[in-house]
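Subject: Structure handover

Hi there,

Here is the structure I promised to pass on. Please have it open while you read my notes below.

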Amino acid sequence: MLRLGVARSLLELRMYFRERDAVVFVFAYPIIMLAIFATVFGQDGATVGPPPGIPFAQYFLPGMVATGVMLSSFQSLAISISVERDEGGLKRLRGTPLPAVSYFLGKVGQVLASSLVQTALLLLVAAVLFSVPMPSTASAWTTFAWVYLLGTATGSVLGVAFSSVPRSGRSSSAVVIPVVLVLQFISGVFFVFQDLPPWMQNLASVFPLKWMAQGMRSVFLPPSAESWEVSGSWQHGATAAVLGAWLVVGLVVGTRTFRWMRRDDG
């Protein structure tokens, strides 16, 4: 199953990069949004937090890394699997000797590879064009690695589970994208999280994107920024717990609700 999963990952990657318009959007979206928000909010040297403050480009980078992971995992899989099911691809695939586990391993492998390239491009642009300092300690990169891997796994599993919600492939974008946009607005991706209303902060704390963004802030922001968080700390334990809980929820729900055929196929 593992060997077939690796082979399926390579196939998924080839099919993914053939969809050039989708690839350009997913890869360019975080970079464009970082450029817009850093330029608009960072005019005249404006910063976030008490003096000397943090440049807006540096503050918004963690949220853009987190939302990039969500686009590559949750949004991409929820839409693509819905389309594959609607076109009958999953039904035909189910009739082959390929194990179901290998199919899902292929999807996760594709997400890991594509999101890694996307994140690398985002960090390169942030460092070169906006002079955002990169982490300089092994502990920071270790935190980045586990938040990134756990966030990617959680987003992928939830994307597979959510793919059963749209009634057809044609409606998948209309169902999935608004969910992603709402989570971005309430999770501190487009705004300083501390400036959001308390009820919105509490709502965002239920969902994984807020914790991915907070975990990434602990990597790319200076240690002094920890006191700016609503809780007064980075809450790495809570981040791992919430992402892990959503990972389990996605696995349970996905296992029970995933469909290989369209609804009208019975």
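The largest cavity is lined by S82, R85, D86, P166, R167, S168, G169, R259, R262 and R263. By a cavity I mean a set of points, on a 1 Å grid over the protein atoms alone, where a 1.4 Å probe fits but cannot get out; lining residues have an atom within 4 Å of a point. This is a predicted model, so local features need pLDDT of at least 70 and side-chain atom pairs count only at pLDDT 80 or more, while totals for chains, interfaces and linings use all residues. Residues are numbered from 1 along each chain as its sequence is written, and side-chain values use heavy atoms, with hydrogens and water left out.

The lining of that cavity has six charged, three polar and one nonpolar residue (Asp, Glu, Lys and Arg count as charged, Ala, Val, Leu, Ile, Met, Phe, Trp, Tyr, Cys and Pro as nonpolar, and the others, Gly among them, as polar). Its space is about 50 Å³, a volume being the space filled by probe spheres set on the grid points, which are joined across faces, edges and corners. Helix α3 gives the most to this lining, with three residues (helices are DSSP runs of H or I, at least four residues, numbered from the N terminus).

α3 also gives the most to the lining of the largest pocket, with seven residues. A pocket is an open set of points with protein on both sides within 12 Å along at least five of seven lines. This one holds about 760 Å³ of space. Of its 25 lining residues, M15, E19, S76, S80 and E84 lie nearest the centre.

Now for the neighbours of α3. Helix α3 (residues 56-86) packs against helix α5 (residues 100-129) at an angle of about 150°, with the axes 10 Å apart. Axes are lines fitted to C-alpha atoms over the stretch in contact, and angles run from 0 to 180 degrees between N-to-C directions. The two helices are therefore roughly antiparallel (over 145 degrees; under 35 counts as roughly parallel). Among the residues that meet there are L61 and M64 in α3 and Y103 and K107 in α5 (contact means heavy atoms within 4.5 Å).

With helix α6 (residues 138-162), the axis of α3 comes within 7 Å and crosses at roughly 25°. That makes α3 roughly parallel to α6. The contact of α3 with α6 has 11 nonpolar, six polar and no charged residues.

Best wishes

Definitions and conventions. Parallel < 35°, antiparallel > 145°, perpendicular 65-115°, else oblique.
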